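Thanks for asking me to look this one over. Here are my notes, written for someone opening the model for the first time.

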Amino acid sequence: MTLQIGVIGTGAIGQDHIRRITQALSGARVVAVNDINPQQARDTVARYQLDAIVHTDAHTLVADPAVQALLVTSWGPTHEEFVLAAIAKGKPVFCEKPLAVTAEGCRRIVDAEIAHGKRLVQVGFMRPYDAGYRALKDVITNGHIGAPLMLHCAHRNPSVGDSYTTPMAITDTLIHELDVLRWLLDDDYVSAQVVFPRKSSHASSHLADPQIVLLETTRGVRIDVEIFVNCQYGYDIQCSVVGETGIANLPEPASVLLRSEARLGTTILTDWKQRFIDAYDVELQGFINGIRDGALTGPSAWDGYAAAVAADACVKAQETRQVEAISMGARPAFYPR
Ligand SMILES: NC(=O)c1ccc[n+]([C@@H]2O[C@H](COP(=O)([O-])OP(=O)(O)OC[C@H]3O[C@@H](n4cnc5c(N)ncnc54)[C@H](O)[C@@H]3O)[C@@H](O)[C@H]2O)c1
Ligand SMILES: O[C@H]1[C@H](O)[C@@H](O)[C@H](O)[C@@H](O)[C@H]1O
């Protein structure tokens, strides 16, 4: 049976997910779309030749009996409202990061899902589906570098728009590391600190860029993450795990090693859509298959909440310049590890 999906938000990633559902994945089709900009929704239907209704109200789309599952790909501050609406209708929902813009908002989603009694929410954290991160986790889990002691990470974007602010370095960008590093180490964070190096002349007047976030986990692993969103040269994700007996690095994306004109080199990607293109396919196919099989297994509302609790502490640390504690309470039995 083909799963009938409704999409709220037909911007960059909304369209990219519609493309993959329509052209790359199996078992689902898009039957309804909504965007606060209705012309954008209509253009998307035309661009991907969808047999889909354009709803001018997102809540009408959620209630549409033809819609069996939701994709929430609108702006972050709207996510909580639409995810709660989907849960209220008992419909599975794939929500792009962040699950909600505050930890309290994520907690309301966790509480609503637990009250419903069955998992309905998958968060769009795609890195745990990336082959490189999975290989890195295997190396750690199989003991090839001993116990992890330190992680050195970098999250670099070539540039960002003028609307990107200093807290967004945490809530929009670092949020990926906050999720994937918990998963990689099977650990949780206990503290965060943010330090600000010399500012890049390419950053807008209201943006502190780059930033370095220092995290500590319950097992005492120390993590530094450089966030540099105007690095100019490319989209570059780095993760180096220093263990007791060795070091394991996240593999670089496959690229031809070119010898030409007295140079030896490879290209560096510039677009996030390309860097994790396979992982996005696998995460969304997992959501579709999970609904078919009656059990969602991808990043949960609890994972969205855990990342948001850490993000809140990092945003606070940006302001206080102090070490801030991170505490998220006990994991409910509803969300097994
Ligand atoms: N997982 C990833 O790697 C990844 C990558 C990009 C974006 N994202 C996340 O996806 C979300 C969207 O990002 P984007 O880059 O596509 O942004 P975007 O601005 O390109 O698209 C967002 C769309 O949502 C629409 N929208 C806003 N408010 C709405 C509302 N109330 N109802 C209906 N539609 C509404 C906008 O009109 C716009 O078309 C963000 O939360 C972002 O953090 C995740
Ligand atoms: O929304 C995007 C996306 O999540 C990218 O993966 C990240 O690198 C960007 O910093 C962020 O703005």
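The points below go through the sheet, the helices and the ligand sites.

1. Ground rules. This is a predicted model, where local features need pLDDT of at least 70 and side-chain atom pairs count only at pLDDT 80 or more, while totals for chains, interfaces and linings use all residues. Residues are numbered from 1 along each chain as its sequence is written, and chains are lettered from A and ligands numbered from 1 in the order in which they are written.

2. The sheet. Start with the open sheet of seven strands, which has mixed pairing and the order β12-β11-β7-β10-β9-β8-β15. At its edges sit β12 (247-249) and β15 (324-325), each pairing on one side only. Helices here are DSSP runs of H or I with at least four residues, strands are runs of E with at least two, and both are numbered from the N terminus. Two strands count as paired if DSSP finds at least two bridges between them.

3. Around β10. Which way do β7 and β10 run relative to each other, parallel or antiparallel? Strand β7 (residues 148-156) and strand β10 (residues 222-228) run parallel, joined by seven bridges. On the other hand, β9 (residues 211-217) runs antiparallel to β10, with six bridges. I223 of β10 is a handy landmark: L151 has I223 as its bridge partner, and L215 stands opposite I223 too.

4. β9 and β10 form a hairpin with four residues between them, and G220 in the turn has a positive phi of about 85 degrees. β9 also pairs with strand β8 (residues 189-195), in the antiparallel sense over six bridges. There, V194 has V213 in β9 as its bridge partner.

5. Helix α7 on the sheet and against α10. α7 lies across β7, β9 and β10, and runs at about 150 degrees to β7. Axes are lines fitted to C-alpha atoms, for helices over the stretch in contact, with angles from 0 to 180 degrees between N-to-C directions. The axes of α7 (residues 168-185) and α10 (residues 301-320) come within 9 Å and cross at roughly 125 degrees. The two helices are therefore oblique to each other (under 35 degrees is roughly parallel, over 145 roughly antiparallel, 65 to 115 roughly perpendicular, the rest oblique). Residues in the contact include L174 and L178 of α7 and A307 and A311 of α10; contact means C-beta atoms, placed from the backbone, within 7 Å. The contact residues divide into ten nonpolar, two polar and three charged. Here Ala, Val, Leu, Ile, Met, Phe, Trp, Tyr, Cys and Pro count as nonpolar, Asp, Glu, Lys and Arg as charged, and the others, Gly among them, as polar.

6. Helix α1 against α9. For α1 (residues 12-23) and α9 (residues 277-293), the axes come within 11 Å and cross at roughly 70 degrees. That makes α1 and α9 roughly perpendicular to each other. H17, R20 and I21 in α1 meet Y280, D281 and L284 in α9.

7. Ligand 1. How many residues surround ligand 1? There are 24, and the closest are G9, G11, A12, S74 and E96; a residue is near a molecule if its C-beta atom, placed from the backbone, lies within 6 Å of it. α1 gives the most to this shell, with three residues. The shell divides into eight nonpolar, twelve polar and four charged.

8. Ligand 2. The residues around ligand 2 are N157, D172, T173, H176, V229 and W272. α7 gives the most to this shell, with three residues.

Notes. Contact = placed C-beta atoms within 7 Å.
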